[in-house]
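Subject: Handing over the structure, with notes

Dear colleague,

Please find below the structure that I am passing on to you, followed by what was found in it.

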Amino acid sequence: MKAAVIHENGELDVVRIEDVPDPKPGRGEAVLKVTCAGLNHLDIWVRKGRPGAALSGTHVLGSDAVGVVDELGERVENVKVGDEVIVNPGLSCGHCEFCARGQQSECPSFGIMGLSRPGTFAERVAVPARNLWPKPAHLALDEAGTLSLASVTAWRMLMTRAQVKPGETVLIHGIGGGAALCALQFAKLVGAEVIVTSSSDDKLAGAQRLGADHAINYRHQDVVECVKEITGGRGVDVAVDSVGAATWPLDFACVRRAGRIVLCGVTTGPDAETSLRALYWNQLTILGSTMGSDEDFRQMLRAVAVNRLRPVLDEVFPLDEARQAMAKMEAGRQFGKIALRISS
Ligand code: ZN
């Protein structure tokens, strides 16, 4: 089968489209014929590699997918051949203390499709069957293929960790990325007032069409001053950060006293200074958030279906152009999700 793979860590030129052996379903697994697979920033981290984490052999990239169940391993009861399903890319052991509590993304052996096992940028992929969920009926295939990772990450950040309430003010940095746009949609769903930031007026206008109440272009405007003006000097209730080092100091300057800061990613880097004085004196709450539990995924899917929410789709590329698709994401030129069309 054809797949987008890497043999070594590096820049975009290490991504190859190659023929690799078809996967076989292990016990409790199903093999999907992949229709469409969404890109995530995680693909960049996996490709570049982490210090000390050597790649062993050929690795298939990709975490999100929609596809059709094609083959079942032993002891699979929740899906059957022919089912149209999406993949929850979070992998957990299923039997530790944290899994027993239903907090799969807290599992010490937590992994992600395309990171800790072969990914979805392939004509076929083997997935633990309990990670397969019915495709939401109202979504087009390209939308469904990009839903999982960004949406479950945003859902857990807003609903489970920060517990955003109607009428609260939420600041979302870097609108245009998948998780940030999902966070905007979910914050509006619960009736929050949303402030978004970007360096692109086009992305800000797109966010306002999706319901953002206030837009700040950080290239021309001072984010802290604008937030103070919008909130009458009070600050926001919740800062939602998937940007990391570049926005971390702004979070502390923009949240109200006893506000919450929730962080799910570090696209601009993992090391930042923290104002301990602001943390204790303003009685702030800092919340880390990774992907989501099975229950977060279920709630997210249900909310998406009932409210007929759609992931914002930027562009769809054929699998052969995986490198071009990744280049666009890496340059930050996208508004919403980029997808790979793998079969019709
Ligand atoms: Zn576990």
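Strand 3 and strand 5 are an antiparallel pair held over six bridges, where strands (E, at least two residues) and helices (H or I, at least four residues) are DSSP runs numbered from the N terminus, and where two strands pair if DSSP finds at least two bridges between them. Before going further, please note that this is a predicted model, in which local features need pLDDT of at least 70 and side-chain atom pairs count only at pLDDT 80 or more, while totals for chains, interfaces and linings use all residues. Residues are numbered from 1 along each chain as its sequence is written, and side-chain values use heavy atoms, with hydrogens and water left out.

Strand 9 is largely enclosed by the rest of the structure, because five of its five residues are buried; buried means under 20% relative accessible area, exposed means over 50%, and partly exposed lies in between (1.4 Å probe, protein chains only). In a regular strand the side chains alternate between the two faces of the sheet. In strand 9, R124, A126 and P128 point one way and V125 and V127 the other, and all of them are buried.

Not counting residues up to four places away in sequence, R124 touches M1, D22, P23, V31, L32, K33, V34, D70 and E71, where contact means heavy atoms within 4.5 Å.

The second largest pocket

Rolling a probe the size of a water molecule over the atoms shows where empty space is left. On a 1 Å grid over the protein atoms alone, a pocket is an open set of points where a 1.4 Å probe fits, with protein on both sides within 12 Å along at least five of seven lines, and lining residues have an atom within 4 Å of a point. The second largest pocket holds about 180 Å³ of space, the volume being the space filled by probe spheres set on the points, which are joined across faces, edges and corners. Its lining consists of 13 residues, among which M1, P21, P23, V60 and P118 lie nearest its centre. Strand 9 (residues 124-128) supplies the largest share of that lining, namely three residues.

An open sheet of three strands has the order 2-1-4 with antiparallel pairing, and its edge strands, each pairing on one side only, are strand 2 (16-19) and strand 4 (59-60). Strand 1 (residues 2-6) is joined to strand 2 by four bridges, and K2 stands opposite D19 of strand 2.

Residues in loops

E168, in the loop between helix 4 (148-161) and strand 11 (169-172), is buried with a relative accessible area of 12%. Its side chain reaches the backbone nitrogen of K165 at 2.9 Å, and a polar contact of 2.9 Å joins the side chains of E168 and R260.

The loop between helix 10 (294-306) and strand 17 (313-318) holds L309, which counts as buried at 15% relative accessibility, and also R308, which counts as exposed at 58%. R308 has a phi near 50°, a positive value in a residue other than glycine. A positive phi, near 60°, is likewise found in R75, which lies in the loop between strand 5 (66-72) and strand 6 (84-87) and counts as exposed at 67% relative accessibility.

With kind regards

Notes: A polar contact is a pair of N or O atoms within 3.5 Å; within protein, one must be able to donate a hydrogen and the other to accept it, and residues adjacent in sequence count only if both atoms are side-chain atoms.
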